[in-house]
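Thanks, everyone. Please bring up the structure.

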Amino acid sequence: MHIQEHISLKPYNTFGIESSARYFVSVNTIEELQEALAMPNYLKKFLLGGGSNILLTGAIDALVIHVNLKGISIEHEREHQIHISCMAGENWHELVRYCIKNNYGGMENMSLIPGNVGTAPIQNIGAYGVELKDIFLKCSAIEIATAKEVSFSHSECDFGYRNSIFKSTHKGKYVITRVTFRLTKVKHNIQTQYGAIQEQLTSNNIEDPTIKDISDAVIAIRQSKLPDPKELGNSGSFFKNPVVDIKTFNTFNAKFPEAPYYEVSDREFKIPAGWLIEQAGFKGSRYGDAGVHKNQALVLVNYGDATGAQIWELALKIQEKVRTDFGILIEPEVNVF
Ligand code: EPU
């Protein structure tokens, strides 16, 4: 295990923000991870996965542990179902591609989401009508304080919209090392209810889509709306879509009847933050190298040399304007350090 000092974190975050790690180590095995976690307590530990959901606003004065655990295996297989176990450091979309290639269904709607497998459960990633919780079976993790291995079942993770115990009560306490998914081998549960998918399939004359067709449709939609982090630094949706109570919703809806919304329950409504930010006038705006994407107002972008502090300043400006214009608080989805 090789511990480096003063390492640039620019290649390790999809925003492409310049920041540095006081100490840095990339771990390839569980034993190396345990060894790194057991380093003296005075040394703070900072766990780094795919770097696709973080905004670094300064240097990281800690031991940055880059979780680089690799491997995909079949844990259990029956006629209709398969359990695929995947190590935390695998790239999410590479896993999706592996599943599509082998005709394992369940992940296709989540094609092309940036980031790694190990960080996917933390915020219960989701897209186009499917969330990670729909295919999640269990995960293994190491407790940071003790370096002991533990397992979490689906119910123990307490998944919610862009949320899990790893973002609430267990925040910063565990490193996920492996995730097991329950996927279908036949009779796939094809999900086309999301309008954009249906439109994409219709325009390609596909009536009875395979999981590959769904994946291709999602990839085409994402590529048309969301910037590729390799070309333009970003972290996907910067904000979560706010969920408001019925009273707030009724006031909002009476004033802005044209605004889109989704009913979460009969007492809760979700309003697209992208719509709020666009109406607040920020879509496509640019302040130095920090900006709001021209096709999807939920995505903040780094045109090159923006600092994390500049992106954060823009985020706060947007949050404040949306609050004064609509009386609704939008909160970051991205973890800010
Ligand atoms: N909208 C606007 N202006 C915009 C963006 C969106 O008016 O600039 C409106 C759209 O017209 C539409 C509604 O907002 O009526 C929803 O837009 P979209 O379908 O693009 O989805 P979203 O709610 O903005 C969420 C996820 C995305 C995911 C898509 C598709 C969150 C925070 N974001 O975005 O996830 O890809 O749905 O399922 O829930 C991510 O988390 O990084 C991410 C990209």
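Phe-152 and Phe-166 are both buried. Keep in mind that this is a predicted model. Their ring centres are 5.0 Å apart and the planes stand at 80°, so this is an edge-to-face pair. Phe-152 belongs to strand β11, residues 149-153, while Phe-166 is in the loop between α3 (154-157) and β12 (174-184). The two are 14 residues apart, and the pair links distant parts of the chain. In total the structure has 20 aromatic pairs.

Next, Trp-275 and Phe-326. Here the centres are 5.8 Å apart with 55° between the planes, a tilted pair. Trp-275 sits in helix α7 (residues 273-279) and Phe-326 in helix α8 (residues 308-326), so the pair ties together parts 51 residues apart in sequence. Trp-275 has 14% relative accessibility and counts as buried. Phe-326, at 12%, counts as buried too.

There is also an aromatic cluster made of Phe-15, Phe-238, Phe-239 and Trp-312.

Now charges over rings. Lys-270 lies over the face of Tyr-161, 3.5 Å from the ring centre. For Arg-286, the charged end sits over the ring of Tyr-303, at 4.0 Å from its centre.

Last, Asn-109. Which loop holds Asn-109? The one between α2 (92-101) and β8 (126-127). Asn-109 has a relative accessible area of 1%; the cut-off for buried is under 20%, so Asn-109 is buried. A polar atom of the Asn-109 side chain is 2.9 Å from the backbone oxygen of Tyr-128. Beyond its neighbours within four places in sequence, Asn-109 has contacts that include Gln-191, Ile-197 and Ile-214.

Technical notes
Residues numbered from 1 in each chain as written. Predicted model: local features only at pLDDT ≥ 70, side-chain atom pairs only at ≥ 80, totals over all residues. Heavy atoms only, no water. Helix = DSSP H or I, 4+ residues; strand = E, 2+ residues; numbered from the N terminus. Buried < 20%, exposed > 50% of the residue type's maximum accessible area, 1.4 Å probe, protein only. Polar contact = N/O pair within 3.5 Å; in protein donor to acceptor, adjacent residues only side chain to side chain. Contact = heavy atoms within 4.5 Å. Phe/Tyr/Trp six-rings, centres within 6.5 Å; stacked < 30°, edge-to-face > 60°. Lys NZ or Arg CZ within 6 Å of the ring centre and 35° of its normal.
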